[in-house]
Amino acid sequence: MDRLCGLFPNPVKNMAAEQTPSRELVAASTEEYSCEFGSTKYFALCAFGGVLSCGITHTAVTPLDLVKCRLQVNKEYYKSLGNGFKVTVRDAGAKGLFLGWAPTAIGYSAQGLCKFGFYEVFKNVYGNAIGEENAFLWRTSLYLASSASAEFFADIALSPMESCKVRMQTSLPGTFPTTLRGAAPKIYAEEGINGFYKSLGPLWGRQIPYTMMKFACFERTVELLYANVVPKPRAECTKGEQLIVTFAAGYIAGVFCAIVSHPADTIVSYMNKAKGSTVGSAAKALGFGGMWAGLGPRIIMIGTLTALQWFIYDGVKVQLRLPRPPPPEMPESLKIKLGLTQQ
């Protein structure tokens, strides 16, 4: 904790920040921002940030994702993370580690657009619906509901490319095309449109809990870090210092995300490999222990991935001069009701 605090020098008071203490006023100000908080442009730019956040990070970790998927569905041949990399390079060369990069880039860019864009929309809509006081009191539930709603649509956008990616990465050499332009037509010819969505149920089972944890844990961790670790208020931190907090909170959230969503992730990989399998048959074939295969690599991948996604997303907001409201504070009306203004 001392080392983290050491990253933040003694603050110099920001007079502009002192003049706008209200969270609503900070969020709504249009003098220094490129758009108004809650406007159509704001949501559109947040969605663009999501495209970059998810598209770049998932594509960058394609080698780790490939080995993780192969560990899940063929643990006899790929015995460990290190062995998986070694065997893949031996069989297909270094370029084999990037098998499936195209559907990964396209699919997760589409998912990021819906995940982050719709999260901001639903959080705003649900928050306004329940009122300012309830939005503060029930803010964790608000984060969970908003992220679950957003991920429902994000997975519909992701599913076709995810099916292509997993089939490309886990099929035995020579049994399935290794390019997206070959994989997508083959799946459609053999299974029709259902081939792209047959694992949508398990995908929801994997991604919705993952995203709920990703957003709710991140939001509350940021709140706790500023309250208990960072030695000065957020308004007095530089943009760089704020991004350090974003990265730290994102990594913590990512570890929990990986654990919560891993069994469903293993079932998705198995179902996309084994034609005609169902959730039940996949779970039975894998067994309880099998559903946790590859958890170590996935914690490394998802922890780093989630931290970088939040870092990129917040960085895009900074560069595009979008409103970035500070952690929520108790509304004055609620303080009066609770008698806290007299203390």
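How many cavities of 30 Å³ or more does the structure hold? In this predicted model, the count is 1. The volume of the largest cavity is about 150 Å³. Its lining comprises 16 residues. Closest to the centre of the cavity are His58, Asp65, Tyr108, Met301 and Ile302.

At least two lining residues come from each of α5 (62–73), α7 (101–130), α9 (139–170), α12 (200–228) and α15 (295–319). The largest share belongs to α15, which supplies 4 residues. By residue class, the lining of the largest cavity holds 7 charged, 6 nonpolar and 3 polar residues.

One of the helices that line the cavity, α9, also packs against α10, which spans residues 180–191. Two packed helices are described by the angle between their axes and the distance between the axes. For α9 and α10, the angle is about 105°. Their axes lie 10 Å apart. Angles of 65 to 115 degrees count as roughly perpendicular, and the two helices are therefore roughly perpendicular to each other.

Technical notes. Residues are numbered from 1 along each chain as its sequence is written. This is a predicted model: local features need pLDDT of at least 70, side-chain atom pairs count only at pLDDT 80 or more; totals for chains, interfaces and linings use all residues. Side-chain values use heavy atoms; hydrogens and water are left out. On a 1 Å grid over the protein atoms alone, a cavity is a set of points where a 1.4 Å probe fits but cannot get out, and a pocket is an open set with protein on both sides within 12 Å along at least five of seven lines; lining residues have an atom within 4 Å of a point. Grid points are joined across faces, edges and corners, and a volume is the space filled by probe spheres set on the points. Ala, Val, Leu, Ile, Met, Phe, Trp, Tyr, Cys and Pro count as nonpolar, Asp, Glu, Lys and Arg as charged, and the others, Gly among them, as polar. Axes are lines fitted to C-alpha atoms, for helices over the stretch in contact, and angles run from 0 to 180 degrees between N-to-C directions. Angles under 35 degrees count as roughly parallel, over 145 as roughly antiparallel, 65 to 115 as roughly perpendicular and the rest as oblique.
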